[in-house]
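I opened the model today to look up a few points of its fold. My notes follow in the order I checked things.

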Amino acid sequence: MLTTRFVTGAPNWTDVSTPDLDGAAAFYGGLFGWRFHPADPGAGGDGVFRLDGAAVAGGTRVGPGQGPPSWTVYFASPDAEESAKAAQRARGRVLVRPTAVPDQGVRAVLADRAGVPYGVWQPGRRAGLDRAGEPGALSWVELWTADIAAAAAHYHAVLGLETSAAAFPGGAYTCVNPEGAGEDGVFGGMVPLTGDPAETDAHWLPYFAVTDTDAAVTRARELGGAVHFPATDVPGAGRLARLADPYGARFAVLRPDPAER
């Protein structure tokens, strides 16, 4: 599971792009107890979601033609400029060039070979999220893709990520960890885009920890969200569900298996 020990290649930030930040704040506030704090006036209304004062996600307003509502996962990089160059060498693209966030760090948004957006965050004063792996915070990330081998090659070239296979009922799961971290550093996985009508395009999916998955699903529906995959027990992981907010941004919730906490 994720922690706030943000070694190179580990997820260290996530943000949601939405056409309605007030509406998103109401949804995620009702679901997770988050409060939205706008950044300075020059940030165009963007800001940070906080839980009990701790930063747990970012929020960005998108206008018409700026892309669909979605969550973006960011990975720790010691050099955002070099990561952007590596992404291009690995047959990816640079969507947002490395940009300094004053007194915080450097941000860039890239795309892998399949066109899936992801971010890199070069820490400055801010290392990343204040909380991870606990209720209301990012706890796992998953790449849904048509070609796991190609994706694994891309993310290894850019971020040094390593993959391994874990046996699960009905097959194997591709685990992902920072280079050299081994099993103790696994923070997510890669899933093939086959056989699931709710997941038809490649994307990174963030999971947020909850204490009661079924209650979270019920509350998401009440707040106008959608259920893409109902609450289900997954041996060795916990009880999870895949959801979308009222604007279509996809995410998942997970009550971790006690043995995995």
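Which residue takes a positive phi in the hairpin of β6 and β7? I found Asp103, with phi near 65°. The hairpin has 3 residues between the strands. I note that this is a predicted model.

Entry 1: Most residues other than glycine have a negative phi. Asp103 sits in the loop between β6 and β7. Its relative accessibility is 58%, so I log Asp103 as exposed; the cut-off for that is over 50%.

I then looked up Arg91. Phi is near 70° here, again a positive value in a residue other than glycine. Arg91 lies in the loop between α2 and β6. I log Arg91 as exposed because its relative accessibility is 61%.

Gly115 also went into the notebook. It belongs to the hairpin of β7 and β8, which has 5 residues between the strands. Its phi is positive, near 90°.

**Entry 2: the open sheet.** I traced the strand order next. The open sheet has 8 strands and reads β2-β3-β4-β1-β5-β8-β7-β6. The pairing is mixed. I marked β2 (35–38) and β6 (93–101) as the edge strands, since each pairs on one side only. From one strand to the next, the twist averages 30°.

I then went through the pairings at the β6 end. β6 and β7 are antiparallel and share 6 bridges. Val94 is opposite Leu110 in β7. β7 also runs antiparallel to β8, with 7 bridges between them.

Is β7 enclosed or open to the outside? I count β7 as largely enclosed by the rest of the structure, because 6 of its 7 residues are buried.

On to β5 (residues 70–76) and β8 (residues 117–123). These strands run parallel and are joined by 3 bridges. Phe75 stands opposite Val120 in β8.

**Entry 3: helices on the sheet.** I looked at where two helices lie. α2 lies across β6, β7 (105–111) and β8. It runs at about 180° to β6. α3 lies across β5, β7 and β8, at about 20° to β8.

The crossing is right-handed. On the α2 side, the contact is made by Ser83, Ala86 and Ala87. On the α3 side, I list His154, Ala157 and Val158. By class, this contact has 4 nonpolar and 2 polar residues, with no charged ones.

**Entry 4: β12 and its partners.** I finished with β12 (residues 188–192). It is mostly covered, with 4 of its 5 residues buried. β9 (residues 138–145) pairs with β12 in the parallel sense over 5 bridges. Glu142 has Gly189 of β12 as its bridge partner. β11 (residues 171–177) runs antiparallel to β12, and 3 bridges join the two strands. Thr174 has Met190 of β12 as its bridge partner.

Methods:
Residues numbered from 1 in each chain as written. Predicted model: local features only at pLDDT ≥ 70, side-chain atom pairs only at ≥ 80, totals over all residues. Heavy atoms only, no water. Left-handed = near helix turned anticlockwise from the far one by under 90°. Contact = heavy atoms within 4.5 Å. Nonpolar A, V, L, I, M, F, W, Y, C, P; charged D, E, K, R; others polar. Pairing = 2+ DSSP bridges. Axes fitted to C-alpha atoms, helices over the stretch in contact; angles between N-to-C directions. Buried < 20%, exposed > 50% of the residue type's maximum accessible area, 1.4 Å probe, protein only.
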